[in-house]
Amino acid sequence: VYKRQVNKIVIKFLRIMQKKKYVGEFEIVDDRRGKKIVLELLGRLNKCAVYSPRFDIKLKDMDGMMSYILPSRHIGYLVLTTTYGIMDHEEAVKKKTGGKILGFFYCSLNECTHTHFLFPST
């Protein structure tokens, strides 16, 4: 897959997707007309989008915003820019910080092999 617009934020967004195993390796190619990113998709990615303008989100509002943006709180990730850098919503909750929403990505439950469900113990 080719992605045209290359900047630091796109690369950090892709590194988060790579860490969560949505994309594989990627490389930046310069073809004299502009830089491109060539990346390998791992499985099916249903939606990946950015938010403009970047909405502020507080830590206490994180669950509500996840329910609003993602199909389920347990499927997919929000990507935030915080004072600690660019990170997903799980890392932001661990660091107890809010930030601005950059975007999100997810795949559907029946197609996703790496969901992060929290099953209750029985």
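Search the whole structure and five salt bridges turn up, where a salt bridge is a side-chain nitrogen of Lys or Arg within 4 Å of a carboxyl oxygen of Asp or Glu. Before we follow them, a word on what you're looking at. This is a predicted model, in which local features need pLDDT of at least 70 and side-chain atom pairs count only at pLDDT 80 or more, while totals for chains, interfaces and linings use all residues. Residues are numbered from 1 along each chain as its sequence is written, and side-chain values use heavy atoms, with hydrogens and water left out.

The protein has three helices and eight strands, taken from DSSP runs (helices are H or I, at least four residues; strands are E, at least two) and numbered from the N terminus. Read from that end, the order is β-α-β-β-β-β-α-β-β-α-β. Of the 122 residues, 36% count as buried; buried means under 20% relative accessible area, exposed over 50%, and partly exposed in between, with a 1.4 Å probe and protein chains only. Contact here means heavy atoms within 4.5 Å. Take the contacts between residues at least 6 apart in sequence, and 60% of them join residues at least 24 apart.

The side chains of Lys 20 and Asp 88 meet at 3.8 Å, N to O. Lys 20 sits in the loop between helix 1 and strand 2 while Asp 88 belongs to strand 7 (residues 85-88), so this pair ties together parts that are 68 residues apart in sequence. Both ends are tucked away: Lys 20 is buried, with a relative accessible area of 17%, and Asp 88 is buried too, with 1%. Lys 20 also makes a salt bridge with Glu 90, at 3.4 Å, N to O. That pair again links distant parts of the chain, since Glu 90 is in helix 3, 70 residues from Lys 20. Glu 90 itself counts as partly exposed, at 26% relative accessibility.

Another salt bridge joins Lys 95 and Glu 91, at 3.6 Å, N to O. Here both partners are partly exposed, Lys 95 at 37% relative accessibility and Glu 91 at 24%. Through shared partners, salt bridges join Lys 19, Glu 91 and Lys 95 into one network.

What about the inside? Nonpolar side chains in soluble globular proteins tend to be buried together. A nonpolar core is a set of buried Ala, Val, Leu, Ile, Met, Phe, Trp, Tyr and Cys residues joined through side-chain atoms within 4.5 Å. The largest one in this protein has 16 residues, and those with the most contacts inside it are Leu 14, Met 17, Ile 37 and Phe 105. Helix 1 (8-19), strand 2 (23-30), strand 3 (35-41), strand 6 and strand 8 each supply at least two of its residues, and helix 1 gives the most, with six.

Met 62 brings us to helix 2 (residues 62-69), whose buried residues are Met 62, Met 66 and Ile 69. An α-helix has 3.6 residues a turn, so residues three or four places apart point the same way. The cover over these buried residues includes strand 5 (56-57), strand 6 (77-82), helix 3 (89-94) and strand 8 (99-106).

Last stop: the aromatic rings. Rings of Phe, Tyr and Trp (its six-membered ring) pair if their centres lie within 6.5 Å; planes under 30 degrees apart count as stacked, over 60 as edge-to-face and the rest as tilted. The count comes to seven aromatic pairs. Tyr 51 and Phe 55 have ring centres 5.9 Å apart and planes at 70°, so they are edge-to-face. Tyr 51 also forms a tilted pair with Phe 104, at 6.0 Å centre to centre and 50° between the planes. Tyr 51 lies in the loop between strand 4 (47-50) and strand 5, and Phe 104 in strand 8, 53 residues apart. Tyr 51 is partly exposed at 23% relative accessibility, whereas Phe 104 is buried at 7%. Elsewhere, ring pairs link Phe 13, Tyr 22, Tyr 77 and Phe 105 into a cluster.
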